[in-house]
Amino acid sequence: MVLFLLAVVALAAMPWWAKTGTIRMVLELCCYIAVAQMWNMLAGYAGLVSVGQQAFMGAAGYALFVLAQTFGVNPFLAIFIALLVPAFLAVPCYMLLHRLDGPYFAIGTWVVAEVFRLVASNMGFLNAGAGMSLNVMKEYSLFERNVAMSLLCALLILLTIGGSYWFLRSRYGLALIAMRDNPVAAASQGVNVRRLRFMIYVAAAVGCGLAGAVYAMAQLRINPPSAFDPMWANVAIFIVMVGGIASIEGVLIGSLIYFIADRWFGQYGASYFVVLGVMTVFVALYARGGIWGAVSKRWDVHWFPIRRHLVYTPEEKP
Amino acid sequence: MQWFDALIQGILLGGMYAQYALGMALMFGVMRIVNVSHGDLVILLSLIGISLASNFGWGPFTVMVALVPLAIALGWLLQKVVLNKVVGDDPLPSLIATFGLSIALQNMMLQIWSANSRSLPGGGIESQSIQIGGIYVGLLPVLVLTFATALTWGLDLVLKRTRFGRSLRAASADVEAASMSGINARAVYASATAIAVGILGFAAVFQSLRSTVAPADGGAQLIYAFEAVIIGGMGSVWGAFIGSMVLGVSQAIGFRIDPGFGVLAGHLVFLLVLAIRPQGLFGKV
Amino acid sequence: MTVLSTHGLVARYGDFQALYGVDIDVAEGEAVALIGANGAGKSTFLRSIMGLMAVKPEMVRLDGQPIGGTPTDRMVQKGVAIVPEGRRLFTGMSVDDNLRVAMDQADRLGRTGGWSLERLHRLFPILKEKARTEVQNLSGGQQQMVSIGRALLSQPRVLLCDEISLGLAPKVIREIYAALPEIRAQGTAIIVVEQDVGLAQSASDRIFCLLEGRVTLTGASSAITREQIAGAYFGGSHAVV
């Protein structure tokens, strides 16, 4: 826990110890972690398997560009206002999608992402297929931008990882874990399963939206294929499944593995993705808990102790 | 006249989608599994078919004769190696396994066949057209629709009238009770997937005859199959067939309004059905 | 001649042990009843025999051969059939199709015996009348008849009946229980799990009472008294009559 807070501070202080290139790489890693953790909350805890979170990433990214570029809102303020867009869009999406049974829900989320992408491609307001540039960023110096990106990285991690952790340790989190283990029993214990799922869906949309907006801001350009890139679903699923589903540790491990693998083997292109795909199949067939599942089973260690022990402690710090 | 033409084109397009949707409806009905690599399998089979045709100079129907048994074998293998291990109450393992398979297949195809679009030479049938009631329609789309109708009709008959069909329906109603009646669920599952993928053997030939295929196209085919099944309503193969027609017509009409709107119109009709009739047009509540 | 027997049958759901060494046997043409309170392990016992719970091979014997843990469909092939708790019919399928599923499989598995659709129709005439009706539209009693018919068409040597009177009107229960003698006359051994003690006593040759996963009373149905059953049902010492 202390390590986590130190990490967040280190992220925020990046401009004073890291080069611009490093900051960009760390930013990418932070986006992986954030998106993967949101997917983990959905699939690992709420039982909602989504392959379309890129819908909200793109929506928030576009909202940021429209606010900052078209309406001249300060981009660092715009990025927060932009988060309202995925939040509002998530509500009707969930209303429709929750009617779909288990695996069909997943494909439904993909359709929604496709709809978002196609709508963006057809809207003249968003400059259609050509996309938009965030020229207003040129008004800031490189150092100013580095400071901003670093703070956003820190915030992204604080909100997604810290937020998830806080949520899982809260009253709702306990209910959620009860729900994951046995939805029927949880419902009969007075846990409002439907409302909880809805809340997580919206929260995950906002979390992914922030990651999407930060990523788009760093890229300075946005267009429909990149904003609504299904690659994010692949990345999130790989990270969470290989790292270990239903654990924050798993997401961190998975993200690091993916990030390093991408740096080392990304040059091999297709064959690298074949290996990733086969690994995902392998995990689904033989090692559902992923790496962290195997580690924690063996040594019973937890960096983020979500399970409560019967010993009463007034403070929840480790 | 223009709209009537769009309607006809849409129905013919629906014939193509029906060939994807049947297998998906069958697998979901029996095992509650959605095979995310469904579309990628169509593309894989298409590319194999194209390679066969160019290497041996085979015509499209010879390719079909070779491809369908191959597809059946592929389906059986898929069930034995992957799906039998993930079938169960929890939808996550089967989704993840087939999702991983989809990524692996797509990229494997990319390596073998490169990202280029290819198509199957049809020896002229792709450009022939016939006149029906004052409208010229392509011979190939009519052939596609005919095959789709025959496949739907055949599958429906198999499900209703045969021993295998009864065990399939029994297993989809209650798999434990089915085993109490002596049904070997895994054998039934393997046959269901073999049939589902086998139908894709037909779809692959037609898909690569009527347009081009590239390794990355699988996702779209999966989505169309899925939309058709949901629009039509789960639980009946004719539902999937009609759903495919509705999807095809929506896309064709959308395309007439604006070429960029075609696919989107299909998605919107799907969302509309989900909003006002979530059980699908022909589904039971 | 004993057909089916269990020997120290132990079964568990995860950490919870449901059966603690149960020994029960049934002979050709015999009917035994298994009684006990809710949660005593009666259904678990039947599920263990049917291969729906993990048990060791030697814990269940058919004709003396160890068969415990055999997959359910293979148990049917060996001649054990079950009328499951809650009937478990194939919804969306007609009465005829439900029955045909069992006939198909008996045929496939090479099981022969005295049961045919015609004979079943004589036993439960309503099934002929409702042949084309989808099973979810039948009354509870009719559904139970389909479920029994489906099990019989597997041509079983041992028939397991799990609470076949549950939720039915007394008249319907009598009608269903009236079919048991004809089934036994075939040489089929029957194990009935029953909540209604009086019904269990009248329909069986021997009774086994289960309490918390153990047999607490065994004896001839005609010789057992109400007091003995009450004692075995709610606890006390193991009594053999």
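The entries below go from a chain contact to a whole chain, then to one residue.

**Ground rules.** This is a predicted model, where local features need pLDDT of at least 70, side-chain atom pairs count only at pLDDT 80 or more, and totals for chains, interfaces and linings use all residues. Residues are numbered from 1 along each chain as its sequence is written, while chains are lettered from A and ligands numbered from 1 in the order in which they are written.

**Entry 1: chains A and B.** I looked up the contacts (C-beta atoms, placed from the backbone, within 7 Å) and found 34 residues of chain A touching 38 residues of chain B. On the chain A side, α6 (102–122), α12 (231–243) and α14 (270–286) each give two or more residues. I noted that α6(A) gives the most, with 13 residues. Helices here are DSSP runs of H or I with at least four residues, strands are runs of E with at least two, and both are numbered from the N terminus.

**Entry 2: chain C.** I found 10 helices and 13 strands in chain C. Its C-alpha atoms fill a box of roughly 50 × 35 × 35 Å along the principal axes.

**Entry 3: Asp73(C).** I placed Asp73(C) in helix α2 (residues 72–78) of chain C. Is Asp73(C) buried or exposed? Asp73(C) counts as buried because it has 22 C-beta neighbours inside 10 Å; the cut-off is 20 or more other C-beta atoms within 10 Å, with C-beta atoms placed from the backbone. Leaving out residues up to four places away in sequence, Asp73(C) touches Ser179(B), Gly182(B), Ile183(B) and Asn184(B).

Key: Two residues are in contact if their C-beta atoms, placed from the backbone, lie within 7 Å. A residue is buried if 20 or more other C-beta atoms lie within 10 Å of its own, exposed if 12 or fewer, and partly exposed in between; C-beta atoms are placed from the backbone.
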